[in-house]
Amino acid sequence: PRPAWAPTDTRLPYFSSAPPSVSNLSRPYLWGKDRINQPRLPLDRRTSTARCYPAAGAGVHVFVLDTGCDPSHEQFSHLGDRLTIRAAPGSAFPSGVDNGRHGTHVAATIAGAVTGVAPRVNLTCIKVLKADNTGSSLDVLAALDAVVTWAAAHPAVPAVLSASFGGRRTAGGADMLAAAAARVAAAGVVFVASAGNEGDDACGYTPAVEPSVVTVANGAVDDTLAGTSNRGACVTLIAPGTWIVSADAASADGRGLVAMTGTSMAAPHVSGLAALVLGEVGRRLPLARLLPALNAGGVTAAGLPLAWVDPTTCDWEALRGNGTEAVAAGGEGGVAEGRRGQPRDFPRARAERRRLGSSEGRGWRSGLRGRPSERGTLLVACWVASRRARGGIYPAGPVPKPSPSAHARTVPRHPGLARSF
């Protein structure tokens with residue numbers, strides 16, 4: 001069967017009288033970066049956020065769990081020792097190098113020299129998926145546990161985790177992926193995930209269903225929701241995800257770009273935006289305080305809160321607060337305009353997620369607030385360790401992933417992309 005996250009082939013967006021073919025694009029237009037710095041259409045072809053976000057994500061650590069990254073690609077050449085490539089702990093992968101295309105594309109959308117939203121972040125790519133974009137949930141859980149350990153050891157460092165993967169939830173089964181995602185968020189890491197590409201209710205997919213996850217839908221260039229994008233109460237934000245140009249790990253010279261479509265491409269835009277905000281604030285923020293900053297002014301697209309930051313409003317003191325509040329998943333605050341012009345309350349949407357998900361079994365979760373119990377998160381860690389020791393396989397099987405290579409379109413190298421950045 002087609003993977004749950006398989007992207008669709010979508011027409012290239014264009015802004016001239018005639019649509020250019022991909023092969024004729026000598027200077028590809030990064031429309032996604034253009035969209036996330038302005039509230040309304042038409043797009044103004046300006047992609048900079050430097051006025052209010054001069055740090056460009058500096059001081060923030062971003063984890064990308066995917067097929068790995070290609071460290072030799074020129075989009076990562078500016079990172080130097082700020083780039084770490086590794087395989088999931090205990091996995092069979094010989095290294096974290098991307099032998100597919102998906103992970104490199106996602107990571108470069110966040111941190112690429114030209115294609116990235118926040119090019120000055122510290123980037124760690126953890127390989128949890130094979131070249132065919134499938135993988136063991138065992139490797140995913142081990143990687144998430146490693147991020148939790150890192151977060152505890154570096155409490156002063158703002159952090160974001162970008163996960164462009166997921167799968168359909170099993171009715172009545174334990175949702176260990178959602179529980180592990182909640183544990184990451186509870187550790188103070190902003191967890192951003194793709195909503196899925198089934199045109200379905202995102203509440204039926206994990207980790208999208210988890211209330212402490214920032215779940216991202218795929219927005220098209222005309223601000224419509226892509227037909228294949230998952231939707232519903234479990235979607236937190238909509239971001240550019242249709243025909244997104246980023247680094248191509250399959251390019252022979254390490255300089256090529258490729259266009260891909262899917263919620264997998266939307267999520268890293270939000271991860272980059274979160275890094276921009278955290279880079280200026282200089283510390284971790286509760287999700288309830290961060291979300292309004294990622295949806296400036298409550299602007300909507302297709303009836304969903306639009307992921308964008310205002311490059312002209314630089315009031316960081318108010319966002320920093322007094323620094324004494326707890327950084328944990330959930331919480332109150334954050335109102336944005338939502339479906340049919342009605343106010344959309346982020347906490348209310350989280351409550352709706354819990355209501356919709358409770359009948360299907362949420363795994364290691366406490367009953368009242370929908371968060372993992374201490375006993376549950378401990379059991380996740382112990383379960384991973386015991387399964388590793390026995391060489392077992394996660395009973396739910398592989399994690400569905402997109403197959404972007406079948407739907408990608410190669411873009412000629414941008415003549416201005418230089419390794420020295």
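# Close-up views of the predicted model

**View 1. The largest nonpolar core and the residues with the most contacts inside it.** In this predicted model, the largest nonpolar core has 55 residues, and those with the most contacts inside it are Val62, Leu123, Val214, Val270 and Val277. The element that gives the most to this core is helix α5 (residues 263-281), with eleven residues. When neighbours within four places in sequence are left aside, Val277 is in contact with Tyr53, Leu285, Leu290, Ala293, Leu294, Val309, Trp316 and Leu319. Another core, of 26 residues, lies apart from the largest one and includes Ala163, Val184, Ala193 and Val213. In soluble globular proteins, nonpolar side chains tend to be buried together.

**View 2. The aromatic pair of Tyr53 and Trp316.** The structure holds two aromatic pairs, and one of them, formed by Tyr53 and Trp316, is edge-to-face, with 5.0 Å centre to centre and 70 degrees between the planes. The pair links distant parts of the chain, since Tyr53 is in the loop between α1 and β1 whereas Trp316 is in helix α7, 263 residues apart. Both Tyr53 and Trp316 are buried, and both are among the residues in contact with Val277.

**View 3. The aromatic pair of Phe63 and Trp150.** The ring centres of Phe63 and Trp150 are 5.1 Å apart and their planes stand at 75 degrees, so the pair is edge-to-face. Phe63 and Trp150 are both buried.

**View 4. The disulfide of Cys52 and Cys314.** Three disulfides are found in a search of the whole structure, and one of them joins Cys52 to Cys314, with an S to S distance of 1.8 Å. The link is left-handed, with -70 degrees about the S-S bond of Cys52 and Cys314. Distant parts of the chain are linked by this pair, with Cys52 in the loop between α1 (31-35) and β1 (61-66) and Cys314 in the loop between β14 (304-305) and α7 (316-320), 262 residues apart. Cys52 is buried, with a relative accessible area of 1%, whereas Cys314 is partly exposed, with a relative accessible area of 38%.

**View 5. The disulfide of Cys69 and Cys125.** Cys69 is joined to Cys125 by a disulfide with an S to S distance of 1.9 Å, and this link is left-handed, with -75 degrees about the S-S bond. Because Cys69 lies in the loop between β1 and β2 (83-87) and Cys125 in strand β3 (residues 122-127), the pair ties together parts that are 56 residues apart in sequence. Cys69 and Cys125 are both buried.

**View 6. The disulfide of Cys203 and Cys234.** The sulfur atoms of Cys203 and Cys234 are 2.1 Å apart and form a disulfide, which is right-handed, with 105 degrees about the S-S bond. The pair links distant parts of the chain, 31 residues apart, with Cys203 in the loop between β7 (190-194) and β8 (205-206) and Cys234 in the loop between β9 (214-219) and β10 (237-240). Both Cys203 and Cys234 are buried. When the bonded cysteines of the chain are numbered in sequence order, the pairing is 1-6, 2-3, 4-5.

**View 7. Charged ends over aromatic rings.** The charged end of Arg45 sits over the ring of Tyr29, at 4.1 Å from the ring centre. Over the ring of Phe93 sits the charged end of Lys127, 5.0 Å from the centre of that ring.

Key
Residues are numbered from 1 along each chain as its sequence is written. This is a predicted model: local features need pLDDT of at least 70, side-chain atom pairs count only at pLDDT 80 or more; totals for chains, interfaces and linings use all residues. Side-chain values use heavy atoms; hydrogens and water are left out. A disulfide is a pair of cysteine sulfur atoms within 2.5 Å. Helices (H or I, at least four residues) and strands (E, at least two) are DSSP runs, numbered from the N terminus. Buried means under 20% relative accessible area, exposed over 50%, partly exposed in between (1.4 Å probe, protein chains only). A nonpolar core is a set of buried Ala, Val, Leu, Ile, Met, Phe, Trp, Tyr and Cys residues joined through side-chain atoms within 4.5 Å. Contact means heavy atoms within 4.5 Å. Rings of Phe, Tyr and Trp (its six-membered ring) pair if their centres lie within 6.5 Å; planes under 30 degrees apart count as stacked, over 60 as edge-to-face and the rest as tilted. A charge sits over a ring if NZ of Lys or CZ of Arg is within 6 Å of the ring centre and within 35 degrees of the ring normal.
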